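Please walk through this structure one stretch at a time.

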Amino acid sequence: MIETRKLNVQPTLSRPDDFYNALVEMHRELSEEQSRLANAKLILLLANQIGDEETLEEALKIAAEGLNKPTVF
Amino acid sequence: MLQTHQNPVYEYVHSADQDSPTPVHHPVIVVGAGPIGMAAGLDACTQGIPAVILDDNNTVSIGSRAVCYAKRALEILDRLGCGQRMVDKGITWNLGKVFFRDDLVYTFNLLPEADHHRPAFINLQQYYLEEYMVDRIRQAEQLELRWKSRVTAVEEKEDRVEIRVETPDGEYHLTCDYLIVADGANSGIRKMMGLESSGQVFQDRFLIADVVMETDFPPERWFWFDPPFHQGGSTLLHRQADNVWRIDFQLGWDADPEEEKKPENVIPRLKAMLGEETEFALEWTSVYTFQCRRMERFRHGRLFFVGDAAHQVSPFGARGANSGFQDTDNLLWKLKLVLDGKAPERLLDSYDAERVAAADENLLNSTRSTDFITPKSEMSGTFRDATLLLAEEYPFARGLVNSGRLSLPAVYRDSPLNTSDEASFDGRMTPGTPSTDAPVNEGDWWLQLIANNRFNGLYFPQETDGGLGDRELTTLSTLVERAEVPLDIRVVGAAPRLELPAGIHPVADSKGVLKARFDGRPGTFYLFRPDQHIAARWRGLDREKIETALQRATGRI
């Protein structure tokens, strides 16, 4: 587990099931390639909303944690 | 192919140095008469250092090659006496457009601010620049350019460098205090000295086509990602002088360079892009690959490597030639002070510290642009496309689009020559930054005033009614008198009627631009190096602090 300083890893969504469903739903009619593109757009939109490099670096580290490569960015 | 330009052939001239029984000595010898080598020679001349430039060829650049010259390069060329001809002949542009597939994604303006003498960029074929520089060298005294003179040996001795020069009528030897190596990306001297430039080779090929056409396209930089006329690749369009247009197609690594540059293969690509009905003539084609690499150090004893010999970047961002001019801009004033015994030899180490850091910044930027333009993985390509798709309608994504981060001058943030701020200032003019410009006096420009190859002070006096207090005047005149290096001081708003001592000049800031750009509250003093970079600044006039900063900026402490 990675300790975070800026990134909030406690729950914040009031209706988590709704969001999760919407996320999966977004991909339902999309091809693999379209889904990859939609995910990439989503990440860029959310990163801009967060607007803080340090927070994003922490998120990047957690996202890649344990995935067959050293978590060095 | 059509020719809008005839390369001059410069005559080989036998030098009296060749008949001397012992090697003739010159303070500075420059190897290579490309733009950066000639800038080194002209800068030496401007500083008052006698110099010789040697080149193994006898003409200017074959083909247009480096075509984008940035504001800072023009300002440096102004100091060397070639800036105006560049701007007069060149195509001034500030606007860039980025397209993705069929759509315009966004438009950017590189110089959104008024009140600068020089534009953000001009485009001009490299051969014109070189011709202007040759003309300037011919007018210069104590500066010689010797064609058909190849350096075949370099030997560093304790107090000088000895070189062997091969010419059409035999070999001869020369010695110099300092050798400036400007012999390009495949530097022969670098190899001769057993030195390396290391980095990354990019697995991609690009086709350059220079095309002559009469068209009403505006003078803007147009960049396409994956356009319908060249699917899967990128394309760049730039206007040069004489109705010549530079078109650059990304071909991919598997392309055959010899086949691709044949007119029968280039013309269909151009017709797809320009339309069947557009009339054009092909002037020059070339297929290139590129590397991003640099030498570990740019100073090796009495040898100084500049330009592509020292560092090489991808063409995206126009950071090659533009950064080379900043190398010689940085080096020559230092050589002058050391040759005159006014600064210790270790000042020359700051060339290495400052320009290596600048090269790293250019390498980082150009590598990132390359990665965006030619994604190295499928996911990298997905993010690239996602960014471009968003950028058309959502402004935030435009900042992520990278079709080349266009050359900006390096800020020597961590230079040992800087004196740190003690107070806070608004704006961008931090120590290590090249001075910004401003309109001053009647039709002058600030950067022209301080293009005098001296240290310069800028003082915003306590009183803003044109007067100067006795204590201020004493401090300023003592500074100028006692300075161990040439120093001029300009006092903002000082009334012309004031009798000012030698070296102290009034400067009128009628539009208030100087005051705004330097956050010039009363009492503020800036110290500029001869290359116009800021060495130090204060909120009050303190002679001792200024003298200490001058010592630091000249490597004496």
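Helices (H or I, at least four residues) and strands (E, at least two) are DSSP runs, numbered from the N terminus. This is a predicted model, in which local features need pLDDT of at least 70, side-chain atom pairs count only at pLDDT 80 or more, and totals for chains, interfaces and linings use all residues. Residues are numbered from 1 along each chain as its sequence is written, while chains are lettered from A and ligands numbered from 1 in the order in which they are written.

Start at helix 2 of chain B, residues 71-79. Eight of its nine residues are buried. A residue is buried if 20 or more other C-beta atoms lie within 10 Å of its own, exposed if 12 or fewer, and partly exposed in between; C-beta atoms are placed from the backbone. Among the buried ones are B:L74, B:I76 and B:L77. Charged side chains count here too, including B:K71, B:R72, B:E75 and B:R79. The buried residues pack against helix 1 (35-47), strand 3 (68-70), helix 3 (83-89), strand 7 (121-123), helix 8 (321-339) and helix 11 (446-449) of chain B. Just after helix 2, B:G81 takes a positive phi of about 85°.

Now the chain contact. Six residues of chain A are in contact with ten of chain B; contact means C-beta atoms, placed from the backbone, within 7 Å. The chain A side divides into three nonpolar, one polar and two charged residues. Ala, Val, Leu, Ile, Met, Phe, Trp, Tyr, Cys and Pro count as nonpolar, Asp, Glu, Lys and Arg as charged, and the others, Gly among them, as polar.

Last, two loops. B:D115 has a positive phi of about 65° although it is not a glycine. B:D115 is in the loop between strand 6 (103-109) and strand 7 of chain B. B:D115 counts as partly exposed because it has 15 C-beta neighbours inside 10 Å.

Terms used
Contact = placed C-beta atoms within 7 Å.
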